[in-house]
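I am opening a notebook on a structure that is new to me. The entries below record what I looked up, one topic at a time.

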Amino acid sequence: MGVAYHKFGGSILKKFRVGIIGCGNIFPMHAYPVMEREDTELVAICDNKPDIMTEQSNKLGASGYTDYIEMFENANLDVVHLCTPHYLHPIMAIEALKRGIKVLTEKPMSIQAADAKAMVDASIDNKTRLGVIFQNRYNPGAKLIKSCLENGSLGKIISARAMVTWNRSDDYYALSDWKGTWEKE
């Protein structure tokens, strides 16, 4: 297996070999940007549902796995994206970090604070990067609030309240085997 290189800003850099675990609703938001970037190559896809994994791996030209450990052992990854149910993020992230694989996980990074700390500790202990998706921090409203807090135009903040008004229909939960469950989300 050859190593792909590309030129970036006058320097020659190694192309990052990326794997994605989880082919659910958020999967395209990770897969297509990885495929469009010059510095990344989507080499592996993993999902515990063989039919979905096969469909996506064939469609995108990546190796397919139903076992993430097998993917870690065989795909020679630099980075893995975790697009799995929340309760699996710590287990998968810590295993990847121990193997020196960089991790980008969907939010929330875990459902227990102790698990989040264990993920950060694994990143530090193994000198490997851990990133968590928080895409809404760049929305205009979030940027405005941050700016107002930083420049003091709101004065001293003594309390705050936030409301998210996204609609999550019954189908959003009914079509998932883990969303909206106490033990998994």
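**Entry: Gly-19**

I started at Gly-19, which I found in strand E3, residues 16-21. The model is a predicted one, where local features need pLDDT of at least 70, side-chain atom pairs count only at pLDDT 80 or more, and totals for chains, interfaces and linings use all residues. I number residues from 1 along each chain as its sequence is written, and side-chain values use heavy atoms, with hydrogens and water left out.

Is Gly-19 buried or exposed? Gly-19 counts as buried, because its relative accessibility is 0%. The classes are buried for under 20% relative accessible area, exposed for over 50%, and partly exposed in between, with a 1.4 Å probe and protein chains only.

Next I listed what Gly-19 touches, leaving out residues up to four places away in sequence: Ala-44, Met-71, Leu-77, Val-79, Val-80 and His-81. A contact means heavy atoms within 4.5 Å. I also looked up the pair Gly-19 and Ile-45, whose C-alpha atoms are 5.6 Å apart in space and which are 26 residues apart in sequence.

**Entry: the whole protein**

I then stepped back to the totals. The protein has 7 helices and 8 strands. Its C-alpha atoms fill a box of roughly 60 × 50 × 30 Å along the principal axes. Of its 185 residues, 35% count as buried. Among contacts with a separation of 6 or more, 53% come from residues 24 or more positions apart.

**Entry: charges and salt bridges**

I noted 22 positive and 22 negative side chains, with the centres of the two sets 9 Å apart. Lys and Arg count as positive and Asp and Glu as negative, while His and the chain ends are not counted. Each charge is placed at NZ of Lys, CZ of Arg, CG of Asp or CD of Glu.

How many salt bridges are there? The count comes to 6 salt bridges, each being a side-chain nitrogen of Lys or Arg within 4 Å of a carboxyl oxygen of Asp or Glu.

One of them pairs Glu-73 with Arg-99, the closest N and O atoms being 3.7 Å apart. Glu-73 is in helix H3 (68-74) and Arg-99 is in the loop between helix H4 (89-98) and strand E7 (102-105), so this pair ties together parts 26 residues apart in sequence. Glu-73 counts as exposed at 52% relative accessibility, and Arg-99 as partly exposed at 35%.

Another pairs Asp-121 with Lys-117, at 2.8 Å between the closest N and O atoms. Both residues lie in helix H5 (113-125), 4 residues apart, about one turn of the helix. Asp-121 is partly exposed, at 29%.

In the pair Lys-146 and Glu-150, the closest N and O atoms are 2.4 Å apart. These two are separated by about one helical turn, because they are 4 residues apart in helix H6. Lys-146 is partly exposed at 48%, and Glu-150 is exposed at 58%. I also noted that salt bridges with shared partners join Glu-73, Glu-95 and Arg-99 into one network.

**Entry: backbone points**

Most residues other than glycine have a negative phi, and most peptide bonds are trans. I looked for departures from this.

Asn-76 has a positive phi, near 50°, and is not a glycine. Asn-76 sits in the loop between H3 and strand E6 (79-82) and is partly exposed at 49%. Lys-127 also has a positive phi, of about 50°. Lys-127 is in the loop between H5 and strand E8 (130-132) and counts as exposed at 77%.

Which residues does a cis peptide bond join? The bond joins Lys-107 and Pro-108, with omega about -20°. Pro-108 is in the loop between E7 and H5.
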